[in-house]
Amino acid sequence: MASEYDPVFARPHEVAPGGDLEPVQDRFANAANPYLASPVPWLLWGLALPFAALATRPVLAAAGPRGVLLLWSLTILAAGAVEAAVHARRGRRRTTPLARWVLRAQANLSLALAALSAALLWAGQTRLLAGLWLLLLGHSLYALGGLARRALRSCGLIYQLGGLVALFATASSDMVFALTTGIGNLWVAGSILRARRQGR
């Protein structure tokens, strides 16, 4: 039987239960547990990111690029601070080496995204930014998060689908970004709540 860790379009003979991937899945799941213990951070990001996306154009018109930079900086810092407080309250200050490695990989991806974003801004292609971020963040959630929890894999696919739409629906890319990040993060929050009800 196919599992949540198999490729989306795998052929039947490519789907093998267990094997050398199983211990990797277990380690990723253990490393991700502190970040999937509470739905609150995911609910928060599911509200904060859509808010910032929908506020971007009005802020740009009123305060220019600096206002947009301030908007996103404050949104990310505020949501990140609340997330850190939730983890600290639950006594989740310590992380595993694997979790730290994943965080460093995410930080490296953020640097690459920042460089690509700067290039698009320089070229005057700002409407492609939403699609770029959704596609690459979606790939990361699918590839790394999918080894930890099925919901993260689904969230990655949602992000990638939204990214494809945003690349072509450039006139409404901010709305696509808002809907995609809202649905993706709320999907993960819902999976955590369902797992709690089932006692997992």
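**Helix packing, question by question**

Reader: Why are α2 and α6 called roughly antiparallel to each other?

Author: In this predicted model, the axes of helix α2 (residues 40-89) and helix α6 (residues 173-197) cross at roughly 155°. Angles over 145 degrees count as roughly antiparallel, and therefore α2 and α6 are given that name. Their axes come within 5 Å, and α2 passes α6 in a right-handed crossing.

Reader: Happy with the angle. Which residues in α2 meet residues in α6?

Author: On the α2 side they include Trp42, Trp45, Leu49, Pro50, Arg57 and Trp72. On the α6 side, Asp174, Met175, Phe177, Leu186, Val188 and Ile192 are among them. By class, the contact of α2 with α6 has 15 nonpolar, five polar and two charged residues.

Reader: How many aromatic pairs does the count come to?

Author: The count comes to one aromatic pair. Tryptophan 72 and phenylalanine 177 have ring centres 5.9 Å apart, and a pair needs centres within 6.5 Å.

Reader: Why does phenylalanine 177 count as buried?

Author: Phenylalanine 177 has 11% relative accessibility. Buried means under 20%, so phenylalanine 177 falls in that class.

Reader: And why is tryptophan 72 called partly exposed?

Author: The relative accessible area of tryptophan 72 is 22%. Partly exposed lies between the 20% limit for buried and the 50% limit for exposed, so tryptophan 72 is partly exposed.

Reader: How about alanine 84: why does alanine 84 count as partly exposed?

Author: Alanine 84 has 43% relative accessibility. Exposed would need over 50% and buried under 20%, so alanine 84 is partly exposed. Alanine 84 is found in helix α2, and the C-alpha atom of alanine 84 is separated by 10.0 Å from that of tyrosine 35, 49 residues apart along the chain.

Reader: Why are α1 and α3 called roughly perpendicular to each other?

Author: The axes of helix α1 (residues 22-32) and helix α3 (residues 97-122) come within 8 Å and cross at roughly 80°. Angles of 65 to 115 degrees count as roughly perpendicular, and α1 and α3 are therefore described that way. Arg27, Phe28 and Ala31 in α1 meet Leu98, Ala99, Trp101 and Val102 in α3. By class, this contact of α1 with α3 has six nonpolar, no polar and one charged residues.

Reader: To finish with the chain itself, how many helices and strands does the chain have?

Author: The chain has six helices and zero strands. Of the 200 residues of the chain, 36% count as buried. Among contacts between residues at least 6 apart in sequence, 70% join residues at least 24 apart.

Notes:
Residues numbered from 1 in each chain as written. Predicted model: local features only at pLDDT ≥ 70, side-chain atom pairs only at ≥ 80, totals over all residues. Heavy atoms only, no water. Axes fitted to C-alpha atoms, helices over the stretch in contact; angles between N-to-C directions. Helix = DSSP H or I, 4+ residues; strand = E, 2+ residues; numbered from the N terminus. Parallel < 35°, antiparallel > 145°, perpendicular 65-115°, else oblique. Left-handed = near helix turned anticlockwise from the far one by under 90°. Contact = heavy atoms within 4.5 Å. Nonpolar A, V, L, I, M, F, W, Y, C, P; charged D, E, K, R; others polar. Phe/Tyr/Trp six-rings, centres within 6.5 Å; stacked < 30°, edge-to-face > 60°. Buried < 20%, exposed > 50% of the residue type's maximum accessible area, 1.4 Å probe, protein only.
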